[in-house]
Amino acid sequence: MRKRTLSPPAMMRRNQHQPIEYYLLDRVRCEGALLGYLGGEPIRAAAVDDWGRRYEFAGVVSFRADGQYDLRCVKPGEFIVEPGLIYRLQERPSAPSA
């Protein structure tokens, strides 16, 4: 069976049609160093969700001409935290084998 891969333009089109909810992190606790401000809100170095998963600040999402988030700039493993910050999921180190 042949594996189907998408070219970069096809991947970008696919992202624009997925619901924004797929990309939003809700109920996160931001922590770590203060990196700056966006719209008067602090940008912290990390965010932690209710399950203890840690995310590292990766950038700011841009907007399309219609005022919606431009999801093409959100890469796999990245999520949006309001007011438009991108955080990347950090891999947890595997437990040492006994």
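Guide: What follows is a walk from the overall fold to single residues, with each term explained when it comes up.

Guide: This is a predicted model, in which local features need pLDDT of at least 70 and side-chain atom pairs count only at pLDDT 80 or more, while totals for chains, interfaces and linings use all residues. Residues are numbered from 1 along each chain as its sequence is written, and side-chain values use heavy atoms, with hydrogens and water left out.

Visitor: How many helices and strands are there in the chain?
Guide: Helices (H or I, at least four residues) and strands (E, at least two) are DSSP runs, numbered from the N terminus. In this chain there are 1 helix and 5 strands, and read along the sequence they follow the pattern α-β-β-β-β-β.

Visitor: In what order do the strands of the sheet lie?
Guide: Strands of a sheet pair through backbone hydrogen bonds, either parallel or antiparallel, and two strands are said to pair if DSSP finds at least two bridges between them. Here the 5 strands form an open sheet in the order E1-E2-E3-E5-E4, with antiparallel pairing. The edge strands are E1 (29–38) and E4, each of which pairs on one side only. From one strand to the next the twist averages 35°, where axes are lines fitted to C-alpha atoms, for helices over the stretch in contact, and angles run from 0 to 180 degrees between N-to-C directions.

Visitor: Which strands does E5 pair with, and over how many bridges?
Guide: E5 pairs with E3 in the antiparallel sense over 5 bridges, and Val60 has Leu85 in E5 as its bridge partner. E5 is also joined to E4 by 4 bridges, again antiparallel, with Phe79 standing opposite Tyr87 in E5. E4 and E5 form a hairpin with 3 residues between them, and Gly84 in the turn has a positive phi of about 115°.

Visitor: How many aromatic pairs are there?
Guide: Rings of Phe, Tyr and Trp (its six-membered ring) pair if their centres lie within 6.5 Å; planes under 30 degrees apart count as stacked, over 60 as edge-to-face and the rest as tilted. By this rule there are 3 aromatic pairs. In one of them, the rings of Phe57 and Tyr87 have centres 5.6 Å apart and planes at 70°, so this pair is edge-to-face. Phe57 belongs to strand E3 (residues 54–60) and Tyr87 to strand E5 (residues 85–89), so the pair ties together parts that are 30 residues apart in sequence.

Visitor: Are those two residues buried or partly exposed?
Guide: Buried means under 20% relative accessible area, exposed over 50%, and partly exposed in between (1.4 Å probe, protein chains only). Phe57 is partly exposed at 21%, whereas Tyr87 is buried at 0%. For the chain as a whole, buried residues make up 26% of the 98 residues.

Visitor: What does the side chain of Asp49 make polar contacts with?
Guide: A polar contact is a pair of N or O atoms within 3.5 Å; within protein, one must be able to donate a hydrogen and the other to accept it, and residues adjacent in sequence count only if both atoms are side-chain atoms. Asp49, in the loop between strand E2 (41–48) and E3, is buried with a relative accessible area of 5%. Its side chain makes a polar contact of 2.7 Å with that of Arg53, and another of 3.0 Å with the side chain of Tyr55.

Visitor: Which residues is Glu82 in contact with?
Guide: Contact means heavy atoms within 4.5 Å. Glu82, found in the loop between strand E4 (78–81) and E5, is in contact with Leu24 and Tyr69, leaving aside its neighbours within four places in sequence. The side chains of Glu82 and Tyr69 are also joined by a polar contact of 2.7 Å.

Visitor: How many disulfides are there?
Guide: A disulfide is a covalent bond between the sulfur atoms of two cysteines, counted when a pair of cysteine sulfur atoms lies within 2.5 Å. By this rule the count is 0. Cys30 is partly exposed, with a relative accessible area of 35%, and Cys73 is partly exposed at 27%.
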